[in-house]
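Hi there,

Here is the structure I promised to pass on to you. My notes follow below it.

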Amino acid sequence: MSSIPVGILGATGMVGQQFIALLADHPWFNVEWLGASQRSEGKAFRDAAAWRLSNRLPTEVADKVVEAAAPGHAPKLVFSGLDSSVASEIEGAFAQAGHIIVSNSRNYRMFDTVPLLIPEVNADHLALLEAQGVAQGWSGRIITNPNCAVIVLAMALAPLRQFGIKTAIITTLQAISGAGYPGVPSWDILGNVIPHIGGGEEEKVEVETRKILGTIGQNKVAFHPMKLSATTTRVPVQNGHTGSISVGLEQRPTPEAIIDAWMSFRGRPQELELPSAPPQPIVYLIEANRPQPLLDVNRDGGMTVTIGRLRPCPIFDYKFVALGHNTIRGAAGAAILNAELMHREGLL
Ligand SMILES: NC(=O)c1ccc[n+]([C@@H]2O[C@H](COP(=O)([O-])OP(=O)(O)OC[C@H]3O[C@@H](n4cnc5c(N)ncnc54)[C@H](OP(=O)(O)O)[C@@H]3O)[C@@H](O)[C@H]2O)c1
């Protein structure tokens with residue numbers, strides 16, 4: 001047991017609240033500082049935030065006063081769930097002031113020396129941090145986790161790299177919690193499907209996945225060469241992004257070999273037994289009507305990606321359906337796992 005003080009930027013938002021819930025009983029990290037916008041600054045957290053989770057709001061956090069999102073009083077390690085419209089400036093200022101920012105925002109993900117990390121998939125990309133200080137002029141560091149739809153695709157594809165991934169097409173069905181709070185108006189989403197998600201969602205899926213599955217080179221990542229096409233939609237589901245995925249492979253593995261690759265997939269977090277690591281990062285279900293957000297999204301605390309419906313694809317080679325929890329595995333839980341890995345690798 002160790003007690004490492006942490007701060008949360010964007011603590012009042014959807015992702016910020018998940019950080020608070022997931023860190024409530026964390027064996028290493030202790031929430032000591034909260035930052036958000038001028039709307040929240042100076043208020044007790046319970047008055048600043050509309051708590052949207054079924055988990056209890058810890059009293060010690062509820063009573064904390066939210067501070068301005070500026071370096072000064074925050075601990076060295078800061079998780080960020082900042083709105084992307086402000087994350088560049090604020091996260092950059094914290095990194096310059098010597099903080100380690102473990103971020104959910106898209107702003108720095110594609111910088112050459114910023115790791116875009118899924119600890120089970122590309123833990124070796126942490127080596128980019130060595131060059132980051134000089135490249136960015138920061139005494140601190142920024143590491144990022146992927147977009148919440150990317151995590152579902154990248155986790156599902158990572159074990160298939162051994163078969164040579166040539167092409168992939170994904171159509172997503174993304175939950176409303178992915179749009180933050182209050183998010184999509186109920187008038188627009190109830191009984192509806194919206195065939196577009198703003199902020200360059202489809203481009204993020206196409207580019208981030210290739211960086212994550214790429215190989216580490218001289219101070220940058222050589223992107224995976226696969227061709228990738230994404231369509232992203234918003235559906236009236238509270239939590240859980242589902243993806244319908246078709247994949248083209250160089251080899252011709254049997255369905256059994258693919259399922260075995262998923263079920264036996266493990267990474268650094270499982271090896272190191274990190275506190276937030278799911279015992280089995282990918283679970284394949286044989287039932288024809290799974291995965292479903294209502295039934296499967298919370299498996300292992302929302303840290304597992306659930307896959308089902310593997311079948312031949314008449315255009316590519318195989319198709320299947322994958323599901324992950326967008327605010328846990330796709331956001332706060334992913335960032336906490338990143339920080340746990342950094343701690344165990346001596347990088348905090
Ligand atoms: N929701 C997801 O599933 C998900 C998944 C992966 C990544 N992300 C990314 O994570 C980030 C947060 O998403 P979210 O869904 O939690 O959004 P959200 O609910 O809208 O929360 C945004 C947070 O940013 C703060 N903020 C806004 N303007 C600010 C300013 N000028 N200065 C300081 N703080 C400011 C807000 O504080 P106030 O309450 O004081 O306004 C709030 O705490 C985004 O970059 C998003 O793209 C979200």
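**Sheet, ligand and surface**

Ile 4 stands opposite Phe 29 in β2. That pair belongs to strands β1 (residues 4–9) and β2 (residues 29–36), which run parallel and are joined by six bridges. Strands here are DSSP E runs of at least two residues and helices are H or I runs of at least four, numbered from the N terminus; two strands pair if DSSP finds at least two bridges between them.

Before going on: this is a predicted model, where local features need pLDDT of at least 70 and side-chain atom pairs count only at pLDDT 80 or more, while totals for chains, interfaces and linings use all residues. Residues are numbered from 1 along each chain as its sequence is written, and side-chain values use heavy atoms, with hydrogens and water left out.

The open sheet has six strands, ordered β3-β2-β1-β4-β5-β6, with parallel pairing. β3 (67–68) and β6 (141–144) are at the edges with a single partner strand each, so one side of each has no neighbour in the sheet.

Now the ligand. A backbone N or O atom of Val 15 lies 2.7 Å from a ligand oxygen atom, and for Gly 10 the corresponding distance is 3.1 Å. In Ser 105, a side-chain N or O atom is 3.2 Å from an oxygen atom of the ligand. The protein covers 83% of the 920 Å² of accessible area (Shrake-Rupley method, 1.4 Å probe) that the ligand has on its own.

Finally, Met 110 sits in the loop between β5 (100–103) and α5 (119–122).

Best wishes

Methods:
A polar contact is a pair of N or O atoms within 3.5 Å; within protein, one must be able to donate a hydrogen and the other to accept it, and residues adjacent in sequence count only if both atoms are side-chain atoms.
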